[in-house]
Structure formats: structure tokens, C-alpha cells
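Me: Got a model open here. Can you walk me through it?
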Amino acid sequence: MFKKVLESISKSLGKPTKPAPAPAAKDKAAPAAPPPPAAKGEAPKEKAPVKPVAKKSAEELCEIEPKMNKEQVRERLKMLYRRHNRAASSLDAKTREEADAMLDAIVQIREKFFGEI
Amino acid sequence: MAEFVGIDLGTTLSGLAYLKADGNPEIVPNADGERLTPSVVYFDSHEDVKLVGSAARDGGDPERTIFQIKRYMDDPEHIVKIDGKDWAPSEISALILAKLKRDCSKIVGDITEVVITVPANFNELARKSTIAAAEMAGLKIRRLVNEPTAAAVYYAHTQGVQGRILVFDLGGGTLDTTILEVTGDNIRILTSEGSRHLGGSNMDDILLATYAEQYRKQVGAELYNDERQRRRALQASEDAKKMLSKLQRVSDTIGNDQSGLARIDLNRETFEKLIRSMVTRAVMLVEQAMDSAKLKVSDIDHVVLVGGSTRIPKVKQVLEKMFGKTPKTCGNVDECVALGAALFAKKSSRIQEVCNQSYGTLAMVYNAATGDESVQNSIVIPKNTAIPCSRTQMYITSEDNERIIEVDITQGEDTDPKFIDVIGRITLEVPPNRPKGCEVAVTFSYDENQRVRALVVDKQSGRSREVAVSYKGAGVLSDDELKRRSSFLKAMRIE
């Protein structure tokens, strides 16, 4: 049913990829590619004025819809907890930070729907 | 010489144990006569000496004192600057390990090879940093073992229990939950789940904020204005937390030289409210572990508590309510990880472990039924697969005349690439003028030493490439750098 095509993220997003180096004599996994730096000489884009951003509620962060029943909420929280608990140990600092905020929201929703521990 | 040695390199306390001739493990005290060594390092400004342990924790200038370095073992940007020198977290940890090695060797003889424990959810960089720390301290790593696994080995050894055990390990900085099955002398790990920044020190921080708020209300000033004052207040809040595990209420007098003193009253109920969110997160981790092992609460025969923070009555109550049985401890909850690590060093062949993480690759996945397509993390070895193991997935190439096949190596169980780590890439050169759709087999193998290898085989040409999967990104010291820093540390005075 599923066809799995090898495809790196960079290709899938249509970004040009550098040709990979020819295999070295001694095999070792290459480090993960860092994000591409901004092109040299490119004029820095003017920063847009900062607009106040409405803080999302725990429901919005967890995408809990009013029509969801308790079982659906439980399943959603289970999936989100697994995802963000893992992300809290990510190698990427920003992902870790976002995960912490999500875990707080998940706990809030759990307490709201299923009561306090 | 001590042949089987285990070290618990903890967030707040570290300990070393060895296996005695009678087959029982024993904690080896440090040169200060303490069974456990606070994981604190102090860089003295007058003498060329690094203090490790209680002396470091209690005496020195807080600006030159390093606490809880374990929390930063996977942060390549966390550098400690002292007297113009940059110290990586692995180097600070190496000082703690060197103190343990030097002190304990005087009692049990030479220590060269050790098992070191790590939290179950330590990522690739944190594990590598721990190995680097050991090497810098002159220790060869026999194995890294997950902390709850070590504790469970000790529990099974001392209690002679059989059946399914859930180990709840709430330490200074992390929570780990492991479910394992004991049959005779054999132990099979079913799942290991961990949660970062969920430990006693997080509770201390919450209490400190409460202290600061109460102080502000009473005195109209800040409780602390510098690191030294903050450290004192933090120590007071940690002491109050410990007291509240024994008493229903505590009263404390706290303050600083500039603004005077204030009396802080705290009861257990308030403390439990303050940590409620953390306890909920802990319960969710236990549920996740149960879910991963496909077990119901009635399938668990024993619940075992490990780590100092399990002394908190609320933690025990919640687990008792959840499982309908009283959680057990195996002696001193602070020591059983090190003791279990020493046992593990001897018994590792009888312990069936699992993969700590899922490994896979990024692939464009088409669902022929729905027509949906998206780039996903395609898992080859799922987390919690019994090791050693080897798994293969077939993929096809995406473009005509593709000369280089690129296979990203991922770590993490989510299908969404945003929530996983790409820890390496394999490239394979293939013959020209081939249409898209050529088959490529990707095989991952995971051995007992938690080493992962990846093999990519182009089916048509038969060309292949195999690599050791090893994170080489930021924060990993090169072999030369490791050697240089090891010699530097060897000559250092560590007390």
C-alpha cells in the first residue's frame, strides 16, 4: 500500500542540494547537515515591526476541538505527550524549548478533562 | 584490582560500587568518608586545585562552583568559563569521575573498566559526552546502562523477585520508567522511557520561587540579588522539601544581609499543589511506558522506587493508587543505581536490553489508497526492539539518472521529521542512466553495546556502503582533542 521513496528533506522542499562527496576509503557516517547559512553579501532584510501575538490557549496548542469526546482527547494527549516528551531531549535547543511549553499545555488539558492527580 | 565496577554519575549525587568476592555489590566511600559524592565542582582561585563533592558544594564562591552539569551533557553551546579557560560539560563530569576513580582506587585497588549509568532518555550526544568524560578521567567504558535497568538488576538480586517489575526512578534531574521481566536469573527489559528536566531540582526551583514571593510580600525586597544569595535560598528550599517528606509543615527563617529576615511557613499540602504539574507529567510517562509495553496495570507484579525524589509521599501515593499495590524500595534509593551497575558489569550477558531509540531514514511516503504523500521519518528499527537486532526496509530512488543515493539517518520514533533528530547521512554512488524507482535496501543493526550500524545496498548494481552510526555534530570532541584534554586532566590536582 505504501511506496517509500528515498528523499532527503532538502530535496522535498525544492532547495538545491550540493552533490554528495564521493565515498571515502574509510566509511564513517557524515555529520548531519547544518542549516544553510545566509548568503554572503545579501542585504539584510528589514525586520517587520513587532506585532503583539495573541498567546495560544492550551486547547489551541494541543488542537483540542470542542466536539471531541473524552476518549479522543485522551488519545490526542497520549500522542502529543509521547511526541513532545521525546522532543524535550532533541539535539535541537529550539525544539526542546517548544516541547517544554507543549508539555505544560498537555498537563493543563489533562487536568481539565480528567481531573487533578 | 576491582574487576566489576559501576558508577552512577548523577545530577546531584554520584556513587561508585564494586562487586565483592561473594558476588554482592558494595558502595565504595570517597576520601572524605562519604558513600555518595555530590556532583559539584569548585575551581579555587588561590590554589591550582579542583574540589569535587561536599567541599565544593559547601564552601566556595558560587561563581566558581558548578552544579548539575549532567543537565547540559547534550548542549554543545553550554560552556563554563573559568579563569579564561572554556570547560565543556564532559570535562566537568570528567573531574567528578576522576575524583571517584582516584579516591575509590585507594580502597579497592586499580579501577580501569567501568559500567556507567545514564538516564534512559539520554540522547546520542549526552551518551557520547558521558563516554568522553570517562575517557578523560582514565576510565574505559565496559558498557553504558540505563539507570532504571541498573536499579532493577539490584532489586531483583537483593529481593529475589520474579515477574514484571516497573521501576520508577525519580532522581535529581530526570525521571526514568522501565518495565522488565525477571525469570529465574534472566532479566528482559520490555521498555524504557525517560523524561528530561523532571526531578528533585525542578521541585527545588519551584519552592525557591515560592520562598522569593513570600519574602517579597513580607519584606518588600528581593530574597536574593546575587548568585551566592540565590544558592543559599535554594539550599534552604531543598532542605524544606526534604523535611516535608517527613513532616506536615515546616517553618524557616530566610533572608539576606541587605534586606533582613522573613519567616516562611510551608505545609505539605501547599508543596503538593506546587509540584502537581510535575507529578502529572510523571504519571503520563508511566502510562506511556505501559502503553509501549502493551501492558495493563494488573500485569505489573512489583513497583520499585529509585532516586531521592521518590521519598516524597505524594509520589508514592499516586503510584499506589495507580497500581493498587504499595511501591517497594531496595534499600537506599540513592545508592541502588550504582550497586546495580556493579552487578550489571558481571551479569550483562543475562540481561536482555532493548533499543533506546528508533532508527530510520527520511523518505517520501506515498499512500496509494489515499494518494497522500509526505516526507516522513520511516522507521527501520523501532524503539524497544530487543537487542542485538537487525532490520531491513526497502525503498526506491526518486529521480531518473540519480548518481548519488543519500540516506539520512534518523533517531526518534515520530513520523513527523520535525520531532526527530537527523544524526548522520550515508551517500552511495551508483551507475548512470538508470530510471527512477530502483530498489535500495536500508538495514540497521544494533548490538549489545548499543552501537548502531547502517548498511545501504543498491539492489540493481549490488553496490553497498556500511557505516557506524555515530553522531558527529556540534559538541562531540575529536579524538585528538579528547587525547589532549585527557593528558591535561591527568596532571590536575583533584580533591
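Me: What share of the contacts in chain A with a separation of 6 or more comes from residues 24 or more positions apart?
Reply: 42%. Two residues are in contact if their C-beta atoms, placed from the backbone, lie within 7 Å. This is a predicted model: local features need pLDDT of at least 70, side-chain atom pairs count only at pLDDT 80 or more, and totals for chains, interfaces and linings use all residues. Residues are numbered from 1 along each chain as its sequence is written, with chains lettered from A and ligands numbered from 1 in the order written.
Me: Which elements does chain A have, in order?
Reply: From the N terminus, β-α-α-α-α. Helices (H or I, at least four residues) and strands (E, at least two) are DSSP runs, numbered from the N terminus.
Me: Chain B now. How many residues of H4(B) are buried?
Reply: 11 of 13, so H4(B) is largely enclosed by the rest of the structure. Buried takes 20 or more other C-beta atoms within 10 Å of the residue's own, all placed from the backbone; exposed is 12 or fewer, partly exposed in between. Among the buried ones are B:Tyr154, B:Tyr155 and B:His157.
Me: And what comes just after H4(B)?
Reply: B:Gly160, with a positive phi of about 60°.
Me: At what angle do H5(B) and H6(B) cross?
Reply: Roughly 110°, with the axes coming within 8 Å. Axes are lines fitted to C-alpha atoms, for helices over the stretch in contact; angles run from 0 to 180 degrees between N-to-C directions.
Me: Which residues of H5(B) make the contact?
Reply: B:Met203, B:Asp204, B:Leu207, B:Leu208 and B:Tyr211.
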